[in-house]
Amino acid sequence: MDRYDRQLRLWGHGGQALLTKSTVCLIGPNSCLLQEIWKILVLAGQRNFIWVIEDGNEIDDNQFFYDDIVRDLSALHPQGIIVEKKESLCDIEWVKLSVVILANSSNKYYLETLSMEEVKLHLPPVFTAYVHGMVGYLHLSLSEPYFVMESHPDNVVPELRLDKPWPELVKYMESFDLKSMDEYSLAKLPYPVILYHAIIYIKEIMGINPATLTSSQFRGYLTHYIHELSPGNVNDLNFIEAKRFSYLALPNPTLQKKLESVIDYAKQSYNLCTDEYNRNVSILLQTLEIYLKENANNHYPLPARIPDMESSTEEFNKIKMVYEGENMKSLDRLMELLQENKYDIPKSLLEVFCDNIKNIQYQEPSTYSIERSLFNTSNRLLRDLLELQYGSANNIKMDEHMEKVLSLNSYPTSTFIGGVVAQETIKLITHQYIPINNTFLFDASKNESTILRL
Amino acid sequence: MPRETNIVKIVGQESYDKLRSTKCLLVGAGGIGSELLKDLILMEFGEIHIVDLDTIDLSNLNRQFLFRQRDIKQPKSTTAVKAVQHFSNSKLVPYQGNIMDTNEFPLHWFHQFDIIFNALDNLSARRYVNKMSQFLQTPLLESGTSGFDGYIQPIIPGKTECFDCTKKETPKTFPVCTIRSTPSQPIHCIVWAKNFLFNQIFSAESTSNEEEEDGTKEWGTDDVEEIKRIKQETNELHELQKIITFGDKSRIPEIVEKLFIHDIEKLLLIENLWKTRTKPTPLTKTQLDASMNESKKDLHLNNNSVWNINEQLSMFLSITGKLMERMKKEHTIEFDKDDQDTLEFVATAANIRSHIFDIPLQSVFDIKQIAGNIIPAIATTNAIIAGLSALVSLRVLNLLKYAPVKTPLDLNMAMTAKASNLSQDRYISNPTLARPNCECAVCTKVTRGVVIVSDPTITLKEFIAELRSKYGFSEDISLLDLSEQRLLVDYDFDDMVDRSLDDVNLKNGSLLFFCDEEENDAGMCRKPLELYLELRNEISGQNIPKIILPELDITWIKPSSAEPEENEAERETSKEKVGGNDGAVIILDDDEAQPSTGTKRSISELDNGFESDNKKAKVAGQFDDNAIIELD
């Protein structure tokens with residue numbers, strides 16, 4: 001079976017394909033940190049690397065796990081790894097790279113080069129990472145908007161659109177006359193049917209506009225409705241589910257607003273996107289705007305799948321078909337719009353887009369160059385670390401604790417920061433999960449961590 | 001050497017000497033284990049003993065970086081040690097074995113270690129090592145990962161929360177009838193195919209029918225007809241097993257006919273079942289004939305797509321033939337998620353059943369995840385968690401002189417959840433440790449000690465008398481064997497009191513639970529004892545007492561009620577989701593199973609055994625050792 005089986009379950013074949021074809025540029029001396037980052041990337045399946053080798057610095061004291069890093073890491077990839085070693089940044093084609101990682105680099109020239117306007121324009125995401133003793137940091141700099149569709153939120157909120165049903169959904173819902181059904185048949189109903197009829201009841205019998213209700217008010221009316229309908233079903237699983245998910249019956253204006261702001265951002269930032277994935281998502285979002293304008297109800301496409309629910313299998317399959325049908329319709333229309341505008345976007349990407357409309361996230365490019373972002377910080381620990389990395393330690397006024405912590409070496413700190421850098425690199429390349437924004441500081445002696453936005 | 005001077009700088013000479021004389025136990029050489037082994041070596045720990053039962057599999061190689069393709073099927077522990085030996089400055093001792101094996105790893109073996117690192121992948125071993133650490137007061141560093149999520153938790157016995165102080169997510173359970181008669185979700189069909197069908201026809205030890213016969217089994221239904229049908233079906237499956245062992249491939253279609261046509265037709269006859277449910281549709285003979293022709297051709301099907309019903313059938317026929325062929329040599333085949341043949345058999349059988357019951361079909365890839373309880377795993381999380389675990393060990397052992405730990409409660413646990421998704425402003429969360437939970441059955445509600453027995457021929461009666469006189473327990477006591485999950489003696493069960501410890505199969509490493517059922521006037525009872533039995537057969541002589549009992553403080557506690565656990569469960573749901581969950585599935589049919597020694601009743605929920613009237617499972621399946629763990 002597959003060597004990558006366990007991670008495919010996190011980011012799928014799509015994510016794995018992106019990893020396999022990516023090229024990562026590592027800049028820095030052979031260090032524990034570099035070895036740890038590199039090792040993990042190779043394990044995950046990456047094989048194309050450029051290594052800009054910097055002269056070693058003394059802080060690591062040869063405490064290496066791998067004697068010959070390139071040879072030893074090659075053994076961790078089924079096809080071996082391809083490493084282009086370089087002495088300088090001169091002839092690197094930045095646009096062909098997926099991510100650049102400065103690992104324990106202390107040559108300020110590299111940082112300055114990457115901070116130059118003309119280079120910055122073509123740069124992929126750049127990590128600057130540094131470990132000294134028991135402390136370390138990691139900074140992510142983006143030179144263009146970065147989009148994630150598959151952000152994998154912890155809680156997936158189902159989307160039922162009961163407040164704005166489309167004709168097929170109305171037809172399906174109206175095919176049930178709940179009042180005339182016996183307890184057995186009621187127990188088989190999927191909960192959205194119960195919610196739909198509760199909305200009608202509240203609207204027509206009670207004369208209340210459900211959209212004006214809070215979710216707890218709605219739940220109150222729903223309970224009342226269920227008791228009126230059939231007291232014998234109150235404890236049935238599908239009725240319990242209806243109460244649990246009662247908030248899904250109400251409109252969710254924040255979602256709509258959030259989507260509008262993402263579309264706005266995509267429009268104004270389109271010209272900044274050079275990465276294929278970012279461009280495609282931006283195009284999809286702009287096409288979605290056209291799609292939304294042409295349908296009067298302002299319906300954005302629904303995901304293809306509805307979650308599992310208590311109901312008879314037969315009823316579940318029917319309601320699933322109704323939602324799938326709606327998803328297909330939107331997919332087809334979006335595809336047409338894309339073709340009309342001569343955009344060549346793979347169907348698979350469009351499907352991912354429709355399934356994740358609510359989950360789309362973006363990160364804006366960094367305001368300043370890497371150098372300026374880092375060196376403008378007011379964080380004491382980060383300033384000390386930068387001074388150690390690029391300056392001379394003489395300028396640091398340290399208390400005894402700091403002096404100890406910094407003057408010492410600790411392999412697990414490199415393991416930890418290396419793991420974090422590799423994790424963020426994988427997120428960026430697969431365009432899945434939300435990447436760090438944008439600086440992480442870690443003090444292992446106190447087990448303290450801080451996130452900064454530089 | 002340069003490394004040495006570095007470490008000396010970190011911790012100081014005194015601490016460095018301490019580090020060099022420290023003996024660590026690392027339980028697990030998998031994802032976290034390989035990372036930890038490397039980190040502990042580079043930290044210069046004096047001695048590292050590493051235990052792992054497993055052998056290396058291809059799917060380990062995306063993260064267990066000490067192993068190569070050529071190491072597949074080799075033991076993890078010894079291979080890991082070989083891979084790091086060349087640069088190790090520490091003494092490394094590998095063991096390929098089960099950490100819960102009391103013969104290989106008795107309690108006194110654990111005693112040699114200064115610190116224990118858990119790098120395990122299953123709940124029962126985690127709980128076991130936790131108990132050992134509680135017995136010996138040895139600090140334990142617990143850790144776990146699941147995908148991008150991970151945690152570490154230092155456990156300082158008596159001072160901080162133990163592993164069992166918080167409730168862990170328990171396996172899913174299904175009633176028998178759902179699996180056997182009325183599936184409604186893909187997982188029901190997968191459990192049927194794997195735990196029932198596959199086991200019955202390929203595994204030598206097919207489960208006995210005794211409990212089905214004697215009426216003690218929990219069916220999850222009262223329908224007499226349905227129970228009768230399920231029993232009959234089990235018997236008929238033995239016929240199928242015979243076809244398989246006989247090895248005549250021309251009879252394979254009979255298997256399909258039986259499982260997917262006749263059995264379904266018989267189910268349809270039980271009308272009660274289908275009053276509120278959609279009726280299943282048996283396959284047709286025509287479908288079967290068509291697929292038989294297909295199955296003769298080469299099938300090239302993609303594991304990631306969902307095959308149609310004809311493809312499922314063709315594949316089922318051809319894979320059954322293949323397994324039949326294997327049976328000739330292997331005689332018995334166990335389900336293994338990484339054995340493609342067994343996986344495809346289970347996947348196609350489950351999908352055909354799903355088709356019959358109008359349940360969505362799934363890809364082999366997805367079924368593998370469910371049937372194999374696969375937890376996603378990547379190198380990044382393992383490196384992060386191992387790094388944190390190694391770092392915090394320095395604080396647990398108090399080796400960082402410039403950052404001294406005044407009380408164990410100053411130590412942190414740490415959790416990451418999809419790393420930066422955790423919240424807007426954190427990457428890891430690291431709350432300080434909590435005190436032991438006063439409701440915890442493992443670390444708080446028992447008094448622990450080691451009993452040394454040099455003469456195992458003493459009777460239970462004598463043994464109990466010694467215990468009672470030493471600790472002042474009343475006459476109303478009960479004695480349980482926690483290792484074997486059985487009741488030995490209690491108020492209304494004294495059949496075994498005249499048997500010797502040997503007779504009742506108590507051995508070195510048995511865990512005994514001795515509890516006083518009597519309450520005093522204030523409604524308090526004596527804290528129960530958990531005793532580790534150490535047999536010293538080699539000692540003989542006139543003056544050696546038959547039993548040496550430990551000196552223990554007997555305190556009084558309030559008899560527990562079940563309610564606080566509920567609250568605790570709620571409190572913990574958000575906190576402790578990762579790692580502890582093995583995702584195992586339990587079929588709820590065994591909470592009355594008879595222990596092999598033939599005691600009159602079984603004990604469930606042994607960890608709460610002091611609730612005297614509660615020896616039957618209230619919440620069956622809460623303790624993994626109790627019900628049958630169906631998916632592991």
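The model is predicted, so local features need pLDDT of at least 70 and side-chain atom pairs pLDDT 80 or more, while totals for chains, interfaces and linings use all residues. Residues are numbered from 1 along each chain as its sequence is written, with chains lettered from A and ligands numbered from 1 in the order in which they are written.

Chain A is divided into three parts, tabulated below, with bounds from an automatic or database domain assignment.

| Domain of chain A | Residues |
|---|---|
| domain 1 | 5-143 + 366-452 |
| domain 2 | 167-249 |
| domain 3 | 253-362 |

The centres of domain 2 and domain 3 of chain A, taken over C-alpha atoms, are 28 Å apart. In chain A, 11 residues of domain 2 are in contact with 11 residues of domain 3 (C-beta atoms, placed from the backbone, within 7 Å).

Between the chains, the axes of helix α18 (residues 411-430) of chain A and helix α3 (residues 31-42) of chain B come within 8 Å and cross at roughly 145°. Helices are DSSP runs of H or I, at least four residues, numbered from the N terminus; axes are lines fitted to C-alpha atoms over the stretch in contact, with angles from 0 to 180 degrees between N-to-C directions. Tyr411(A), Pro412(A) and Thr415(A) of α18(A) meet Glu35(B), Asp39(B) and Leu42(B) of α3(B) in this contact.

Leu26(B) touches, among others, Leu36(B), Ile48(B) and Phe117(B), not counting residues up to four places away in sequence.

Note on methods
Two residues are in contact if their C-beta atoms, placed from the backbone, lie within 7 Å. Helices (H or I, at least four residues) and strands (E, at least two) are DSSP runs, numbered from the N terminus.
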